[in-house]
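Visitor: Please take me through the pockets of this model, with the criteria behind each term. I would like one connected account.

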Amino acid sequence: MNMQGGDFTNTVCKFTFFMNTREQKCLAYGPGLLEGGAAKSPTEFVIQARNDNDENRKSGLDNFAVVISTIGEDPKKIEAKLTDNDDGTYLVTYQVDDPCEAKIEVLFENEKQKMVPIRGSPYSASFSDKVHSNNNQMTGPLMAKYITHSLEQISEFISTTSKGISLKDKDIKNDVKELIQVKEHIESVHKRNDELIFWLDCVDESIKVFQAHEMAKDSQIKAIKKCFDNWSHLKRQAKETKKDIASTVENEKEKTKSMIKKLEDDLKNYTNDLKKRDFYYYKTGPDESITKLTSVNTEIVAFEERIQDYGYNAEKFEVPELIEPSVSSVE
C-alpha cells in the first residue's frame, strides 16, 4: 500500500517463542528411579524439561541422553529407550534381567553443545525378582508409596524445623546450647533448600500423573500444595529469626573466644606447674610416681572435657581453628 509516497505493509505474521531449557531446573521421576522395582519387566521414568522460571516446557526437541549401568563388581550397561513426547516430557524405558542396583545418569545438551547432568542426576534404583511387575508402572504401588512416604517425610521435616527455629519458650541469651540448636535449624533450611525444592517438584509431578489417570487422592493434592506453602513460610521464618539472634550469636562467639583464650592460659600454667613437681625430676619412687601420674591423667581429662565443650561451640560459631592450639597442648 502506498501512502504519501511511502510504502507500507499490512501483512500479519504470528510467531511463538519460549525460554530455553536449563539443566539445573529439569527433573526426572518415576518407578525407574526408585528402590523396589521388578526385575525382568520393563520400567520407566519421565524427564521433565524446565526453563529458568521453573516452568515446564510445552514443546520437545531438546537433546537428552540417558546412561544406565549396574552398580557393583563388573558393572554392565543397560540399554534405555528415550521417547520425545513433544510436550516437554521425555519417556525413558529400560529393563534389568536380574536383581541389582542401577545407576542412572540423565544428561542434557546445553547451549554450548556440552552434555551436562540435570538436577538430581545421577539417580539410583534397585530391582528384585520378588516383587510384582506392576511396581514398574507410573501409577503402580511403588509410585503410590513414594508419594505417600515423601509427603509424610517432608511435612515432618518442615514441622520439626519450624519448631526448632521458633524462639518461643527458649532462653537463648542464657543457654548457649539452645542458641546453637536454633542456629543449626536455621542453617538446615538454607543447606537443604535445593534438595527440598527438588523433592517437592518430583512429588508434585508424580501426583499430576496420578491426576491425569484420575487416580490421585484429594488429600495428597492438598498436601503437596500445603508443603510448598509451608516451605516458603519456613524460609521466611528462618530469615527473620536469623536477624533476631544475630547479636546473641555474636556475643556468644566472643564469649567462646574468651573461654578458649583462658583455656590456653590455664594449659600453659599447668604445663609449667608440672615441671615443678617431684616426679618430673625423678625424686619419687615408682609407687608414688604412679599415684601422682594417675592424678595427672585425671587433670588432663578435665582439660579434654573443656576442649570438647569449647571446641563444639567454636565449630558451631564458625571459628573451629581457635581450639586447635589447646588440642595440640594436651596432646
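Guide: What follows is a close look at the pockets and their linings. The model is predicted, so local features need pLDDT of at least 70 and side-chain atom pairs count only at pLDDT 80 or more, while totals for chains, interfaces and linings use all residues. Residues are numbered from 1 along each chain as its sequence is written, and side-chain values use heavy atoms, with hydrogens and water left out.

A pocket here is an open set of points on a 1 Å grid over the protein atoms alone, where a 1.4 Å probe fits, with protein on both sides within 12 Å along at least five of seven lines, and lining residues have an atom within 4 Å of a point. The largest pocket holds about 560 Å³ of space, a volume being the space filled by probe spheres set on the points, which are joined across faces, edges and corners. Its lining has 19 residues, with Leu33, Leu34, Tyr146, Ser150 and Trp199 nearest the centre. Two or more lining residues come from each of strand S3 (27-29), strand S12 (123-128), helix H1 (141-165) and helix H3 (193-212), and H1 gives the most, 7 residues. By class, this lining has 11 nonpolar, 5 polar and 3 charged residues.

The second largest pocket, with about 350 Å³ of space, is lined by 15 residues, and Lys183, Ile186, Glu187, Ala238 and Lys242 lie nearest its centre. Helix H2 (176-191) and helix H4 (218-274) each supply at least two residues of that lining, the largest share, 8 residues, coming from H4.

Terms used
Helices (H or I, at least four residues) and strands (E, at least two) are DSSP runs, numbered from the N terminus. Ala, Val, Leu, Ile, Met, Phe, Trp, Tyr, Cys and Pro count as nonpolar, Asp, Glu, Lys and Arg as charged, and the others, Gly among them, as polar.
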